[in-house]
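Me: I would like to learn how to read a few features of a structure, one residue at a time. Could we go through them slowly?

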Amino acid sequence: RAPAPLDPPPPPPTFGPPPERAVPGVGDEARGILVLGDWVFPVGGPAIRDGAVLVSGGRIAKVGPREQVPPPTGAAVFRAAAVTPGLIDGFTTAGLSGLYNVAADRDAGEATDPNGADLRVADAFNPDEALLAHLLSEGITVVQAAPGQEAPIAGQAGIFRTSGGSLEAMTVRFPSAMVFNLGEEPKRSFG
């Protein structure tokens with residue numbers, strides 16, 4: 001006899017603070033984190049109904065049906081309707097430009113020299129920027145922060161986590177790329 005078909009996955013969640021804990025507490029990663037989901041959407045494979053994701057030492061250790069992923073002793077347990085992999089923003093100025101997007105809060109672009117090869121986003125990246133916390137609340141866990149579009153050779157980009165508290169803890173890879181810009185922005189800035 002064929003198993004009963006599964007219900008379709010739930011609609012995308014509306015964002016707001018979850019009912020239990022908003023973010024893992026200090027020390028949770030060392031003890032382990034277990035995320036239980038009505039639906040778990042792994043990177044490689046079909047959706048898992050009533051699934052679990054175990055994080056140990058800051059890395060995903062196991063993904064599967066809830067009964068196959070036992071929590072380690074003392075692990076922090078979180079619940080969600082849907083669990084997805086962290087999203088990656090492949091090109092952003094978050095961490096360089098602030099939440100309010102005012103001139104005093106924008107450190108992504110330099111229009112002083114068309115050759116900005118020596119400019120490093122790591123020197124301007126602000127780990128305490130509120131925009132990074134907002135991105136994390138929306139599911140974006142990693143960003144590639146890049147210089148702005150003003151200079152033809154804009155500078156060195158870097159890949160950073162959206163949480164961690166310090167530049168060292170948030171850096172995944174620096175430098176990750178040298179950014180070159182073509183088109184109207186560099187022409188407006190340098191003719």
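Reply: Let us begin with burial: a residue is called buried under 20% relative accessible area, exposed over 50%, and partly exposed in between, using a 1.4 Å probe and protein chains only. This is a predicted model, in which local features need pLDDT of at least 70 and side-chain atom pairs count only at pLDDT 80 or more, while totals for chains, interfaces and linings use all residues. Residues are numbered from 1 along each chain as its sequence is written, and side-chain values use heavy atoms, with hydrogens and water left out.

Me: Is Thr 92 buried or exposed?

Reply: Thr 92 has a relative accessible area of 12%, so Thr 92 counts as buried.

Me: Which residues is Thr 92 in contact with, leaving aside its neighbours within four places in sequence?

Reply: Contact means heavy atoms within 4.5 Å. With those neighbours left aside, Thr 92 touches Val 143, Gln 144, Ala 145 and Ala 146 in this sense.

Me: How should I read burial for Glu 129?

Reply: The same cut-offs apply, and Glu 129 is buried because its relative accessible area is 10%. Once neighbours within four places in sequence are set aside, the contacts of Glu 129 are Gly 95, Ser 97, Gly 98, Leu 99 and Asp 105.

Me: What separates the C-alpha atoms of Glu 129 and Thr 162?

Reply: Those C-alpha atoms are 9.5 Å apart, although Glu 129 and Thr 162 are 33 residues apart along the chain.
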